[in-house]
Amino acid sequence: MRRLTLLALVFAILAQGACNKITISQKRHRAIRYNNAGLKSFADNLHGEAIQNLKAAVKEDDDYATAHSNLGMVYIARKQWDDAQRHLNRAVTLEPKNHDHHYRLGICYQNLNRHDLAKQSYQKALALNPKHFKTHYRLGAVHVAADEPKQGDASLRKAIEINPR
């Protein structure tokens, strides 16, 4: 009898741990569904609906960097730079080795005329993906805007070298 009680207790403890893991997994799963719906809405040019879905994804799982980054992307398309910056900073914090997050954050800073921060973001993006010609191009544009023509020329030439089209 004692053995049965002990087994029941062990099973209950293990089941509780498994349930907690399932709950977290289910939250992420729901967040992914909202994220995917948001991306579909964005592709269909339904930005308001995309924001609604992506906000739901972030609310469901605030540690879901992809949803923050995608929400930032939609805000960029709507030229809502401060909102985009907030979500992209969160994405960079969660996934600092993701080139896209740094690149998108650089776009925000560039449009807010925060040239030093834009350059830092683009340089971090290039450290992670040195062959991304769009990042070289945007870094060149920031250098030119910051009255740094030599650095701008070098970055723009690199963009053309990578993608001569």
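**Exercise 1.** In which helix does Arg28 lie? Work out its surroundings too, keeping in mind that this is a predicted model.

*Solution.* 
- Step 1: Find the helix. Arg28 belongs to helix H1, which covers residues 2-43.
- Step 2: The relative accessible area of Arg28 is 30%. Buried would need a value under 20% and exposed a value over 50%, so Arg28 is partly exposed.
- Step 3: Look for contacts farther along the chain. Leaving out residues up to four places away in sequence, Arg28 touches Asp61, Asp63 and Tyr64.
- Step 4: Check two distances. Arg28 and Asp61 are 33 residues apart along the chain, and their C-alpha atoms are separated by 6.1 Å. A polar atom of the Arg28 side chain lies 3.4 Å from the backbone oxygen of Asp63.

**Exercise 2.** Is His47 buried or exposed? Describe what surrounds this residue.

*Solution.* 
- Step 1: His47 is in helix H2, residues 47-60.
- Step 2: Compare with the cut-off. The relative accessibility of His47 is 18%, and buried means under 20%, so His47 counts as buried.
- Step 3: Find a polar partner. The side chains of His47 and Asn45 are joined by a polar contact of 3.0 Å.

**Exercise 3.** At what angle do the axes of H3 and H5 cross? Name the arrangement, then describe the contact.

*Solution.* 
- Step 1: Read the geometry. The axes of H3 (residues 65-77) and H5 (residues 99-111) come within 10 Å and cross at roughly 30°.
- Step 2: Apply the cut-off. Angles under 35 degrees count as roughly parallel, and therefore H3 and H5 are roughly parallel to each other.
- Step 3: List the contact residues. H3 supplies Ala65, Ser69, Asn70, Met73 and Ile76, while H5 supplies His101, Arg104, Ile107 and Cys108.
- Step 4: Sort them. This contact has 5 nonpolar, 3 polar and 1 charged residues.

**Exercise 4.** How are H3 and H4 arranged relative to each other?

*Solution.* 
- Step 1: Read the geometry. H3 and H4 (residues 81-94) pack at about 155°, with their axes 8 Å apart.
- Step 2: Apply the cut-off. Angles over 145 degrees count as roughly antiparallel, so H3 and H4 are roughly antiparallel.
- Step 3: Note the handedness. H3 and H4 make a left-handed crossing.
- Step 4: Pick out contact residues. Among them are His68 and Tyr75 of H3, and Trp81 and Leu94 of H4.
- Step 5: Sort the contact. The residues of H3 with H4 divide into 9 nonpolar, 4 polar and 2 charged.

Definitions and conventions:
Residues are numbered from 1 along each chain as its sequence is written. This is a predicted model: local features need pLDDT of at least 70, side-chain atom pairs count only at pLDDT 80 or more; totals for chains, interfaces and linings use all residues. Side-chain values use heavy atoms; hydrogens and water are left out. Helices (H or I, at least four residues) and strands (E, at least two) are DSSP runs, numbered from the N terminus. Buried means under 20% relative accessible area, exposed over 50%, partly exposed in between (1.4 Å probe, protein chains only). Contact means heavy atoms within 4.5 Å. A polar contact is a pair of N or O atoms within 3.5 Å; within protein, one must be able to donate a hydrogen and the other to accept it, and residues adjacent in sequence count only if both atoms are side-chain atoms. Axes are lines fitted to C-alpha atoms, for helices over the stretch in contact, and angles run from 0 to 180 degrees between N-to-C directions. Angles under 35 degrees count as roughly parallel, over 145 as roughly antiparallel, 65 to 115 as roughly perpendicular and the rest as oblique. Ala, Val, Leu, Ile, Met, Phe, Trp, Tyr, Cys and Pro count as nonpolar, Asp, Glu, Lys and Arg as charged, and the others, Gly among them, as polar. A crossing is left-handed if the near helix is turned anticlockwise from the far one by less than a right angle, and right-handed if clockwise.
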